[in-house]
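Dear colleague,

Here is the structure I promised to pass on. My notes follow below it.

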Amino acid sequence: MLSLFVSVVRRDLLLAWRRRSDVLTALGFFLLVTSLFPLGVGPEPEQLSHIAAGVMWVAALLATLLSVSRLFESDEADGTLEQMLLSVEPLPVIVLGKVCAYWLLTGLPLVVIAPLIGLQFNLSADETLIVCATLLVGTPSLSLLGAVGASLTLGLRGGGALIALLVLPLYVPVLIFGAGALDAWRAGLGIQSHLALLSAVLLVALAVCPLASATALRIAQD
Amino acid sequence: MSESSAPLLETRALTCMRGRARLFAGLDLTVGEGELVHVAGANGSGKTSLLRILCGLSEPESGEVRWRGQPARSVRDDWRGGMLYLGHRNGVKDDFTPLENLHASAAIAGERIADTVLLEALADIGLAARLDVPARSLSQGQRRRVALARLLADTRSALWILDEPFTALDVRAVAVLAAAMAAHLRRGGALIYTTHQPVDIDAERRQTFNLDEYAC
């Protein structure tokens, strides 16, 4: 089962490497939005550091929403998805492998680039670290929840708009706890509770989303 | 093996709906070991739908599919492991070379097949000269061959379900494939396929199943 997971991750990473331009859309979007905000809002350092966490989190959320609808698209189009459904191996593990690869390609780069964005928003080192930590725990949940939306809307016309409707309500708690951590820290409350809640969401998503997504894929292919 | 007398695959009173139209009803089909089943019928008679039901991708409206004498749903792993389905879509990634494609599809199917076996299958089906070319630069027929090379490398599946396997293939590839099919049947495997091309496949037991007779 582990070897299946590893080979699915490796396969998707290799596929992404062969068409790099597709992968960079999410990262590019994130960079663009977060760089435009300081230009639009104005250069007051205090105001910028005040909105930093919110802007970065909203940008990360939208970047995920933008790219996650394509998660199963190419596999569906070329028939690989049929073979996945017919495999003796458990479909949720295959889905988890795909989501893992997807997060490595679209979620992790956001976490890595976040300190750079933090500079634009006049964040201190501690504050940057907090934003990075929340993104690190939060973006996997975004990917997992997005995968459920992607499999539910697979093959539908206008799936992109529908996926937003389906997934956004589930994204909102992640957004609130993720972006709220920095404010809590500034108010002297500590970020443990926020991180704990984000981790709880991640654990639930890890347990439920691959199963839900696999079921939705089976129904979509019927 | 107390079930050895039971047929490999069996359907009882199968009914299929596509949208609001009923494609066929009351379909009983029995496929035994070593048997070649040609599913015939006009366009739109439900050949692909039938094959998708037989491999478990779709649910029938009513009726039952049985695998080795038991309801296929209750022996799902056995059923999936004993069957190889190739549909209209090849399951071939444009960005992968033929060998990478075979690796990926074997991994997804949960099989471990040695490189030498895969390379031999690719050579047999006439892709030896195009091994390091990504599938996007292959022709339609060559891409189909990449998918069909899986059949040549397969020894695990008892039943092959092939939807239009000969489409886009040239004469030589058709001959290679027909020989592979005959070898599969000699090993005691069974084969269900659809085609509009008359292809001679060497088989001791064969039946033609005309879906037009079950149309509603």
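**Cys16 of chain B and its sheet**

Cys16(B) counts as buried because 24 other C-beta atoms lie within 10 Å. Please keep in mind throughout that this is a predicted model. Cys16(B) belongs to strand 1 (residues 9–18) of chain B. Leaving aside residues up to four places away in sequence, Cys16(B) touches Leu23(B), Phe24(B), Gly46(B), Ser49(B), Leu50(B), Ile53(B), Pro60(B) and Glu61(B). One of these, Ile53(B), is 37 residues from Cys16(B) along the chain, with 8.6 Å between the two C-alpha atoms.

Strand 1 of chain B is joined to strand 4 (residues 62–67) of chain B by five bridges, and the two run antiparallel. In this chain, Leu9(B) is opposite Trp67(B) of strand 4.

**The two domains of chain B**

Chain B falls into domain 1 (1–82 + 157–216) and domain 2 (90–154). Taken over C-alpha atoms, the centres of domain 1 and domain 2 of chain B are separated by 24 Å. Contact between them involves twelve residues of domain 1 and eleven residues of domain 2. On the domain 1 side, helix 6 (residues 171–186) of chain B supplies the largest share, five residues. That side of domain 1 consists of eight nonpolar, two polar and two charged residues.

Strand 6 of chain B pairs with strand 7 (residues 159–163) of chain B in the parallel sense, over four bridges. Within strand 7 of chain B, Ile161(B) is the bridge partner of Tyr85(B).

The loop between strand 7 and helix 6 of chain B holds Glu164(B). Its phi is near 50°, a positive value in a residue other than glycine. Glu164(B) is partly exposed, because it has 18 C-beta neighbours inside 10 Å.

Glu213(B) is in the segment after strand 9 (205–210) of chain B. Because it has 11 C-beta neighbours inside 10 Å, Glu213(B) counts as exposed. Glu213(B) is 172 residues from Gly41(B) in sequence, yet their C-alpha atoms are 8.5 Å apart in space.

**Helices of chain A**

Helix 6 (residues 91–106) of chain A has 16 residues and reaches 22 Å from its first C-alpha to its last, close to the 22 Å expected at 1.5 Å a residue. This helix of chain A is mostly covered, with twelve of its 16 residues buried. Among the buried residues of helix 6 of chain A are Lys98(A), Cys100(A), Tyr102(A) and Trp103(A).

Helix 10 (residues 192–221) of chain A has 30 residues, which at 1.5 Å a residue should span 44 Å; its end C-alpha atoms are 42 Å apart, which agrees. Helix 10 of chain A has a kink of about 35° at Val208(A), shortly before the proline Pro210(A). Pro210(A) is one of the buried residues of helix 10 of chain A, which also include His194(A), Leu198(A), Cys209(A) and Leu217(A). The buried residues of helix 10 of chain A have a cover that includes helix 5, helix 6, helix 8 (125–152) and helix 9 (159–186) of chain A.

Asn122(A) sits in the loop between helix 7 (108–120) and helix 8 of chain A. The phi of Asn122(A) is near 60°, again a positive value in a residue other than glycine. Asn122(A) is partly exposed, with 17 other C-beta atoms within 10 Å.

**Where the chains meet**

Contact between the chains involves 20 residues of chain A and 22 residues of chain B. On the chain A side, helix 1 (2–18) and helix 5 (80–86) of chain A are the elements that give two or more residues. Helix 5 of chain A gives the most, with six residues. By class, the side of chain A that touches chain B has seven nonpolar, six polar and seven charged residues.

Regards

Definitions and conventions
Residues are numbered from 1 along each chain as its sequence is written. Chains are lettered from A and ligands numbered from 1 in the order in which they are written. This is a predicted model: local features need pLDDT of at least 70, side-chain atom pairs count only at pLDDT 80 or more; totals for chains, interfaces and linings use all residues. A residue is buried if 20 or more other C-beta atoms lie within 10 Å of its own, exposed if 12 or fewer, and partly exposed in between; C-beta atoms are placed from the backbone. Two residues are in contact if their C-beta atoms, placed from the backbone, lie within 7 Å. Ala, Val, Leu, Ile, Met, Phe, Trp, Tyr, Cys and Pro count as nonpolar, Asp, Glu, Lys and Arg as charged, and the others, Gly among them, as polar. Domain bounds come from an automatic or database domain assignment. Two strands pair if DSSP finds at least two bridges between them. The expected span of a helix is 1.5 Å times one less than its number of residues. The bend at a residue is the angle between axes fitted to the seven residues ending there and the seven starting there.
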